[in-house]
Amino acid sequence: MSTLEILKAREAEVVEEFEFFDEWMDRYEHLIAQGKTLPAASESIKTDDNLIRGCQSKVWITAEKREGLVYFTADSDAIITRGLVALLLRVCNGLAPEVLAQADFGFLQEIGLTEHLSPTRANGLQSMMKQIRLYGVAFQAVN
Amino acid sequence: MIDAAALRTEFPILHQQVHGKPLVYLDNAATTQKPRAVIAAVVDYYERINSNVHRGVHTLSQRATDAFEATRGKLQRLVNAAHEHEIIYTTGTTGSINLVAHGFRSLLGPGDEILVSQLEHHSNLVPWQMLAQHTGATLRYIPILPDGSLDLDEAQRLLNPRTKLLAFNHISNALGTVNPVKQLTEWGHAVGACVVVDGAQGLPHRPVDVQELGVDFYAGSAHKMYGPTGIGMLYGRTEWLEKLPPYQGGGEMISTVTMAQSTYAGLPFKFEAGTPNIEAVVGWGAALDWMNAIGMDALMAHEADLMAYGTERLRAIDGLVLFGTAPEKSAVLSFGFEDLHPYDLGTLLDQQGIAVRTGQHCAQPIMDYYRIPGTVRASFAAYSSREDVDRLGDGVERALRMLR
Ligand SMILES: Cc1ncc(COP(=O)(O)O)c(C=O)c1O
């Protein structure tokens with residue numbers, strides 16, 4: 001499978017998971033569960049450089065490239081935001097930079113997450129997606 | 001005693017579902033909802049009266065002017081100002097404080113001091129920072145105590161003959177602390193300072209008598225007292241209003257204009273340049289009548305009941321920390337949990353149809369004091385009820401089960 005296909009497959013899996021829940025409270029519960037499984041990042045990544053602007057809660061994200069693929073480490077001080085971070089990392093980790101650079105994360109729209117979040121959180125989510133794409137672009141350049 | 005259920009029928013907006021649940025609106029410190037009487041007054045203004053004020057000799061303009069000035073009279077009586085011209089219309093509390101701060105640019109210099117409290121909304125803080133920056137005056141802060149009240153001993157120590165301005169709020173929007181306005185004002189006057197009070201939360205929740213309190217300026221916003229947005233007032237003692245230069249130049253605020261220079265109109269018009277927010281002033285008049293019909297005593301008794309009931313309900317929740325526990329505090333329950341971000345709680349409350357405010361409440365220095373990213377704040381109005389408190393308590397408990 002190409003890493004683009006992996007991305008699409010992972011996205012479909014997440015959509016299926018969320019569609020299982022009719023109630024939004026249950027979807028939030030699932031999101032929180034995702035947040036709880038995200039391993040706490042070490043304090044050393046929680047720097048101003050890694051901080052994403054535009055969230056009421058704080059989000060830090062950093063990435064490295066190993067054997068041509070990109071791996072993210074990220075964390076947040078709020079659990080629901082951690083859930084969003086966990087979802088993004090679940091679909092994005094270990095993919096090729098050129099795939100990440102083009103990722104549109106349409107699955108979030110499909111779940112209805114983008115429209116169901118408060119405006120500040122939706123903005124924060126947009127910033128996180130943008131940051132992931134930027135890492136993709138940056139790691140393409142250093143090939 | 002207020003019958004909240006009966007009052008609610010006058011507020012169309014409260015009768016809706018949010019995320020499939022009946023709305024519980026507990027963000028009244030941010031803005032209150034408007035009763036039908038206020039909405040009707042605004043509609044009536046446009047359907048029957050709309051015209052510019054203080055300009056035409058025609059009948060509509062006269063009617064608009066009468067309605068516009070009638071609210072000024074109501075505000076004068078509300079705060080017991082000595083003169084009607086001591087009530088200036090502004091865009092809100094923020095506009096009022098900026099008017100005063102701007103006026104003081106020509107009255108302060110290096111060596112002068114401005115004393116504000118750590119309990120302030122940014123709108124009673126940033127204008128003073130700007131004034132200090134512009135004039136070279138020094139800004140000092142009255143610190144707060146753990147219960148969210150002001151450190152009055154420290155306030156007395158900080159006041160000195162160089163203190164030219166003393167600014168603080170009547171009631172804190174973030175914690176609900178009610179400050180001793182009269183006492184602070186006496187101390188401020190004893191050193192010759194001008195005393196400016198942010199009454200954004202004071203006007204909706206406590207009786208205000210500016211002559212009895214002795215303050216020099218008192219600011220308020222209509223939208224926090226069942227009136228429209230975008231309109232507010234500044235009470236100013238005549239001596240001070242005469243001393244301050246105009247804030248903005250334009251129509252309405254002049255008596256004569258030649259190519260060389262202008263002479264300014266008298267009070268209050270000197271501070272009211274341009275066409276004002278007439279519809280909002282008219283709506284505010286209706287809101288003041290509405291509040292008057294209920295009466296401040298009844299409003300305060302209702303609020304005290306909700307505060308006692310709400311404090312007990314929230315205290316029963318494991319791990320909940322209340323911020324702001326000063327005696328006789330007003331209408332605000334600000335809380336959090338050591339291990340939880342207020343934003344998560346706020347999101348899950350919203351999903352249950354419960355509107356609260358989360359975050360710093362435009363009062364970052366308070367959050368810095370408690371070393372927290374923010375709080376969840378529930379705040380009450382006349383139509384709030386014990387059922388709202390029950391829904392809040394249950395909602396917080398449900399959120400906790402999900403988050404922990
Ligand atoms: C204590 C206090 N001061 C000032 C303000 C600012 O009021 P406005 O936004 O109406 O100018 C508010 C409202 O948020 C407030 O609660």
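**Stop one: the ligand**

The shell around the ligand is made up of 1 nonpolar, 9 polar and 2 charged residues (Ala, Val, Leu, Ile, Met, Phe, Trp, Tyr, Cys and Pro count as nonpolar, Asp, Glu, Lys and Arg as charged, and the others, Gly among them, as polar). Before you click further, know that this is a predicted model, where local features need pLDDT of at least 70, side-chain atom pairs count only at pLDDT 80 or more, and totals for chains, interfaces and linings use all residues. Residues are numbered from 1 along each chain as its sequence is written, chains are lettered from A and ligands numbered from 1 in the order in which they are written, and side-chain values use heavy atoms, with hydrogens and water left out.

Now select the residues around the ligand: B:Gly92, B:Thr93, B:Thr94, B:His121, B:Ser123, B:Asn173, B:Asp198, B:Ala200, B:Gln201, B:Ser221, B:His223 and B:Lys224 (each has a heavy atom within 4 Å of the ligand).

How much of the ligand's area does the protein bury? The ligand taken alone exposes 390 Å², and the protein buries 85% of that (accessible areas come from the Shrake-Rupley method with a 1.4 Å probe).

**Stop two: a loop residue by the ligand shell**

Select B:Ala30, in the loop between strand S3 (24–25) and H2 of chain B (helices, H or I of at least four residues, and strands, E of at least two, are DSSP runs numbered from the N terminus). B:Ala30 touches B:His223, B:Lys224, B:Arg357 and B:Arg377, leaving aside residues up to four places away in sequence (contact means heavy atoms within 4.5 Å).

**Stop three: a pair in a helix**

Go to B:Arg48, which forms a salt bridge with B:Asp44, their closest N and O atoms being 2.8 Å apart (a side-chain nitrogen of Lys or Arg within 4 Å of a carboxyl oxygen of Asp or Glu). B:Arg48 and B:Asp44 are separated by about one helical turn because they sit 4 residues apart in helix H2 (residues 36–49) of chain B. Over all chains, the structure holds 25 salt bridges.

**Stop four: where the chains meet**

Colour by chain. The contact takes 18 residues from chain A and 16 residues from chain B. Between them the two chains bury about 1,500 Å², 56% of it on carbon and sulfur atoms (buried area is the accessible area, 1.4 Å probe, that two parts lose on being put together, summed over both). How many salt bridges link chain A and chain B? The count is 0. On the side of chain A that touches chain B, H2(A) gives the largest share, 6 residues.

**Last stop: two backbone details**

Find the peptide bond from B:Leu267 to B:Pro268, which is cis, with omega near 0 degrees. B:Pro268 lies in the loop between strand S12 (262–264) and helix H11 (278–294) of chain B. Finish at B:Tyr226, where phi is near 70 degrees, a positive value in a residue other than glycine.
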